[in-house]
Amino acid sequence: MLKKEQQRNSDSRRLHGIDAAGNGLYGILYSGFALLLIPAVLLLAWLLILRQPALERELVDEVAAGYAASRAQAVAAQAAAVQARLQSMLASDEFSALPPGPTPDTLAGAAAAALDGFPDAVGLRVFALDDLGTAGLQEGEGGLENHIEIDLVRRASNGEPTMPEAYRAGERWLYSFAERGALAGDGERLVALLSYDERLLRDNLAAPEDQGGTFSLLQRLQGRGAGAETRVFGPGPGDRAARAAVAGTPWFVVFTPGEALVASLEDKVSQPLLALLLLLLAGSAGFALVARRYPALLRREVARAEAAAEHRTPYTLKVPELAPIARSLRKLTLRRTRMDGVPRVQEAPAPAAASSAPSREAVSGPAEALPAHIFRAYDIRGIADTELDDDTVYRIGAAIGTLAENLGEQTLLLGYDGRASSGRIKAGLERALLQAGRDVIDIGLVPTPLAYFAAHQFEDATSALIVTGSHNPAEYNGVKLYLKRKPVASGDIQRLREIALSGKFSQGSGHKLQRDVASDYLDELVGDVAIAMPLKIVVDAGNGATGHLAPTLFEELGCEVIPLYCDIDGSFPNHPPDTSVAANLADLQAAVRREGADFGVAFDGDGDRVAAVTGSGEIVPADYLLMLFAQDVITRNPGADVVYDVKCSRNLAQLVTSLGGRGVLWRTGHTHIKEKVAETGALVGGEFSGHMVFGERWFGFDDGLYAAARLAEIVSSSESTLDELLAQFHHSASTPEIIIPVDEAQKFQLVESFRQQADFGDGRINDLDGVRVDYTRGWGLLRASNTSAALTARFEGDDETALQEIMSLFREQLAQVHPDLDPNF
């Protein structure tokens, strides 16, 4: 059996390049056993040879001392009681009323009468002494039998402290007590001498009930020096005797333990030693049991972890130390399974040499036509089949490669979303970039934030472009750029168009690599966000590029996830990918209510926007979501800047100010917001469309997945629901973003003429981005969309009346300036 086990271990060491040497568990057990056994044996020997006899002596001495002390206290109490009764007698009327110079017969009569109060006493004598004291008394006079009694009377007469004395009188021992009392007249005082025989202390000095020893009474002899004693009662002190002084007397109680008591006490000391020996044997048996059973348990638990890695079914391991490995194994397995299930869109094949399709060799010369409107403020976007044909895509890619060379960027990251046209466009861009001499790292089908993240991970690839139509309908597509870890400005987009039109492209032969950044992204995000307690979250990926990542992210954060439309499908069969449109969140609202989730999140087509729905199914306006993030950030970072666009509620600005932060109003557009966050060093920013930018703990780009995770962190760390957290903010009457379709070429001029010609009364005009007019009780906005052929409007009022007044004023002015325009509000 052992040989088979060794052979199995040997074979396993050679599997997949993973080796195993020895058995660390057995080494730990042997070391632990040695650490237990050697000190335990040494300790046992020390206890048996040295410590046990000492412990036995100490215990016997302690018990004997306890016996002696308790009886000494009892004797002292009895003696004190006799002294007190004698003092009380002398203070009674019978004695204090005696006339001066009482005769011996008078004193004897009084003493005889008082003796009835001391039924166990053998004698009571009372003396009346003048200033000569006992000088005239001789042994035998006045009933005094010896010099001890004379000394007791003398000391009492002189007012000295008196202690009882024990002395032999004939064949018996007497215990005598002397006390002084007052007598009427001058120069005379009373002294009483009370005597008991040995029966006085017999009960208190009787042997213990268990006959575990004997008591003796010793008396210190006055004037004989230290150690001069005589035995008054009981046998002489024996071996291992203990003594205790009797307070207020010259006596000592001595207890001599008997053999039976000593033997029982020694047994009590031996019992712990026996228990220790048994414990040592049990510990040895325990180590042997662990050495036998723990490896088998480990094998079973590892097998369970391997079997459960591909499933989400909860299970409990019996070895807690394996739990992190099991979680990592499940995370990696499920992550890989999900990644392997991501469809890869079909790339267009390279054209044949005889094909009539435009050549993809390095082209030059000006373009005959290039749609100007697809080069927007901060990205390139148009209808894929007509406005982004192969020639246009190639020129865009070659222009990007040329611009990158001018910026000193050799390597570019390239990703794409799940739209049907993304494969063709991605292939065209790749060919153009390679022919422009740029190296390309293909990061696959990923959300836009992952392309930004990748640019922050690679030292030699800090620029990225991603093929995506973002939140636009399925027939659209485009290109987003991130150059040298910064968003592109509108000037860069126009420069690209100029290069594409000119046909003056750089030439070269680049190289292509493929890299997976999704795992690194998830690890970074999961490592940054802390979920205090698990949440139940509905995730609507809208069939967009976050479908393979968003559920995995929240599962790895420890949340229960209900996925909704997480299959990547670029035709968006369930609803359009624009999360800023309330109708597109209806299914998410219904799912949150149906599942009883804590909240729900939705992502647009490329995952750089986020929308949220509360547990009650209410849509969270993006500016109020930004309020929640601003409150969280400013609480930890007093004085922090918060950037927001002109479409956001002014309640946001008031909140930021009340928290001690600084609000920065800026132009709409994710690129503008990112630029302003970088410029001001703001820790958080966002816009009404749902782009959220975190400078605190993240990289300063808009990331819907990260924003959703931060929302989960806030909710899980609070005792309140998302509904309750939002209820704390001031709410005004407001409209959603209103879209007014117009001609693409005229939209900016329409807004400019509205700004110049309209009469806004006492409103304060802000033309930072379009026309925003602030009034005492609200504001209105009209601006040209950067992403579509439309004007956008939004209004807010302190109440519904104020809102309608501002909307009415805008309608009237818009009708006067542009009578043919339908305001749509």
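Start with charge pairs: the structure holds 38 salt bridges. This is a predicted model.

**Stop 1: a salt bridge between helices**

Select Arg424 and Asp390. Their side chains meet in a salt bridge, at 2.9 Å from N to O. Now colour the two helices. Arg424 belongs to helix H10 (residues 422–435), and Asp390 to helix H9 (residues 390–406). The pair links distant parts of the chain, 34 residues apart.

**Stop 2: an open sheet**

Move on to the strands. Which order do the five strands of the open sheet follow? Read across, the order is E17-E16-E18-E19-E20, and the pairing is mixed. Look at the edges next. Strand E17 (560–564) and strand E20 (619–620) stand there, each with a single partner strand, so one side of each has no neighbour in the sheet.

Then select residues 536–540 and 599–603. These are strands E16 and E18, which pair in the parallel sense over four bridges. Pick out Val539: opposite this residue stands Val601 in E18.

**Stop 3: a cavity**

A search of the whole structure finds two cavities of 30 Å³ or more. Which elements give two or more residues to its lining? They are strand E13 (476–483) and helix H18 (670–680).

To show the lining, select these residues:

- Tyr378 and Tyr452
- Lys480, Leu481 and Tyr482
- Pro487 and Val488
- His670, Thr671 and Lys674

Colour the lining of this second largest cavity by class: six residues are nonpolar, two polar and two charged.

**Stop 4: a nonpolar surface patch**

Finish on the outside. Select Leu277, Leu278 and Leu281. These three leucines form a nonpolar patch on the surface. Together they have about 270 Å² of accessible area.

Methods. Residues are numbered from 1 along each chain as its sequence is written. This is a predicted model: local features need pLDDT of at least 70, side-chain atom pairs count only at pLDDT 80 or more; totals for chains, interfaces and linings use all residues. Side-chain values use heavy atoms; hydrogens and water are left out. On a 1 Å grid over the protein atoms alone, a cavity is a set of points where a 1.4 Å probe fits but cannot get out, and a pocket is an open set with protein on both sides within 12 Å along at least five of seven lines; lining residues have an atom within 4 Å of a point. Grid points are joined across faces, edges and corners, and a volume is the space filled by probe spheres set on the points. Ala, Val, Leu, Ile, Met, Phe, Trp, Tyr, Cys and Pro count as nonpolar, Asp, Glu, Lys and Arg as charged, and the others, Gly among them, as polar. Patches are made of residues with over 30% relative accessible area and no salt bridge: like charges are joined within 9 Å, nonpolar side chains (Val, Leu, Ile, Met, Phe, Trp, Tyr) within 5 Å. Accessible areas come from the Shrake-Rupley method with a 1.4 Å probe; for residues, only the protein chains shown count as cover. A salt bridge is a side-chain nitrogen of Lys or Arg within 4 Å of a carboxyl oxygen of Asp or Glu. Two strands pair if DSSP finds at least two bridges between them.
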